[in-house]
Amino acid sequence: MSTTGIGWEGLAASTVLVAVAVGLSLWRGLGLERTLLWASGRAAVQLTAVGLGLGLVLAPDTPVAWAWAWVVGMVVFAAVTVRRRAPEVPDAFALALAANAVVVVVSLGVIFGFGIFPVEARTIIPLGGMMIGNSMTATVVAARRIVGELSDKRSEVEARLALGQPSAEASRPYVRAALRTALTSQIESTKAVGLVFLPGAMTGLVLAGVDAADAVQVQLAIMYLILGSVVTSVTVVSLGLTHRLFTPDHRLVRLIRVDA
Amino acid sequence: MLELGGVLSFDDVELEVAPGERIIDGLTLEVPLDGITVLVGRSGSGKSTLLRLCNRLEVPTRGTVAYGGRSAGDLDVLALRRQVGMVFQHPVRFAGTVRDNLLVAVPSAGDDELRRVLARSAVDGDLLDREAADLSGGEAQRMCLARTLLTEPQMLLMDEVTSSLDPDARRSIEELTLSLVDDGMAVLWVTHDLDQAHRLSSRVVVIESGRVAVPDEAQRFLAGASDDIDPVTGEAAS
């Protein structure tokens, strides 16, 4: 066994915790046993498939273009996920696609433009995945909150419009409140890092035997990039969604409110 | 400044919000832009939507809303909304003080101007620093009227503005509106209260199922509600 591998035995041993979760669900009557087993099994299948795919893409003789294609696939899949999780948001797929595309261009542009990491398949895919994954979550929260705020505060928004305010101005206080909510969890995570939990990239590097100081540097760089990516994505979504929720003649479209 | 002309007209206006769901259905009406015109009708008859067509918070799916013969769709919508002010059924208070609320209408307005417009709306100028959320219902609605007046509109759309107020507050808003009309303001007032309609105006239009009621419908609606309103024309008998 290599220093970083856990082997099939290690993997099998880790499923003991799944069994514990199922047992607790049974004991407390949560009715989540099937869901827990399904989620665990699905994760195994998905990660195995991803691992096989990654093995091909990360092979030394595979052109780096395949890694970029992988990132494009992640952008599209993230947009599909946003549409599914935010059904009440009009044009959620297109908005998320635009937001994630901007995030990828900006974040990977900074990462590789400043030479923070080398342009290789082994950096493009995981870094792209982290940026897109975090942005996707924030995008869902931001988009749903914006629609929710404008729906709940429709009378206020229309009172502002009736005073002759343009739609961008009339919606600003409510969009701002929604964005603050969407960003708060990422900011809180950034503040709590190291004190409450060790983030994934750092944990992985330490487990892989990398010096802790080096792992911290990598993790800090990634956290700052994620923070920037999340703010970028929700900004793109808020601009696009505000544009979509108002007509060119400054009317608020009819909105569907779906409780989370 | 945008000039509205002498008459607001609706020409075969329809508003369909979903397939087959028409809130306004073939409405044709002319409203002179002087004095008060009162729209009455049952709940859900389309009165409030008709008001929203006047400042383009809604746009017709068919037909034309026009000011002085010019289609509202051809006018600068933001300028139109500042010239056709709207006060809503329930007082809309924005976060912050009365001053914060008024400055939404005209951010550059000074305290003297704010006090002047508050006085015109029978609100004590000393309330400028009061949280809008702490105002009574009547005070809040008068603050909303003051906020609307700040844009110096030529016409006011009043959407059941007294329905949630007590009798004293209701009377106060009515008197304020009449004094504004004396100063040359045109008002389109929506109510389901026929006594109020009679108190306010000699021009009463009955709205039924999204259009002007035909005489028989108007007669049925007005019958018994007020002997002083002509059941056929919908106008107050002099």
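## Strand E3 of chain B and its partners

In this predicted model, E3(B) pairs with strand E9 (residues 203-208) of chain B in the parallel sense, over 5 bridges. Within this pairing, B:Leu39 stands opposite B:Val205 of E9(B). E3(B) is also joined to strand E8 (residues 186-191) of chain B by 5 bridges, and these two strands run parallel. Here B:Val38 has B:Trp189 of E8(B) as its bridge partner.

Strand E3 of chain B spans residues 36-41 and is mostly covered, with 6 of its 6 residues buried. B:Ile36, B:Val38 and B:Val40 point one way from the strand, while B:Thr37, B:Leu39 and B:Gly41 point the other way. The residues on both faces of E3(B) are buried.

## The sheet of chain B

E3(B) belongs to an open sheet of 6 strands in chain B, arranged in the order E6-E7-E8-E3-E9-E10 with mixed pairing. Strand E6 (84-87) and strand E10 (211-212) of chain B each have a single partner strand, so one side of each is left without a neighbour in the sheet. As a general point, strands of a sheet pair through backbone hydrogen bonds, in either the parallel or the antiparallel sense.

Strand E7 (residues 155-159) of chain B pairs with E8(B) in the parallel sense, again over 5 bridges. In this pair, B:Asp159 stands opposite B:Val190 of E8(B). Helix H5 (residues 137-149) of chain B lies across E6 and E7 of chain B, and its direction makes an angle of about 165° with E6(B).

## The nonpolar core

The largest nonpolar core contains 122 residues, and those with the most contacts inside it are A:Ala142, A:Ala143, B:Ala146 and B:Leu188. Helix H5 (residues 121-152) of chain A contributes the largest share of this core, 15 residues.

Leaving aside residues up to four places away in sequence, A:Ala142 touches A:Ala178, A:Leu179, A:Ala182, A:Val234, A:Val237 and A:Ser238.

## The contact between chains A and B

Chain B provides 15 residues to the contact and chain A provides 13 residues. On the side of chain B that touches chain A, helix H2 (77-83) and helix H3 (98-105) of chain B each supply at least two residues. H2(B) gives the most to this side, with 4 residues.

By class, the side of chain B that touches chain A comprises 9 nonpolar, 2 polar and 4 charged residues.

Definitions and conventions. Residues numbered from 1 in each chain as written. Chains lettered and ligands numbered in written order. Predicted model: local features only at pLDDT ≥ 70, side-chain atom pairs only at ≥ 80, totals over all residues. Buried ≥ 20, exposed ≤ 12 C-beta atoms within 10 Å, placed from the backbone. Pairing = 2+ DSSP bridges. Core = buried A, V, L, I, M, F, W, Y, C linked by C-beta atoms within 7 Å. Contact = placed C-beta atoms within 7 Å. Nonpolar A, V, L, I, M, F, W, Y, C, P; charged D, E, K, R; others polar. Axes fitted to C-alpha atoms, helices over the stretch in contact; angles between N-to-C directions.
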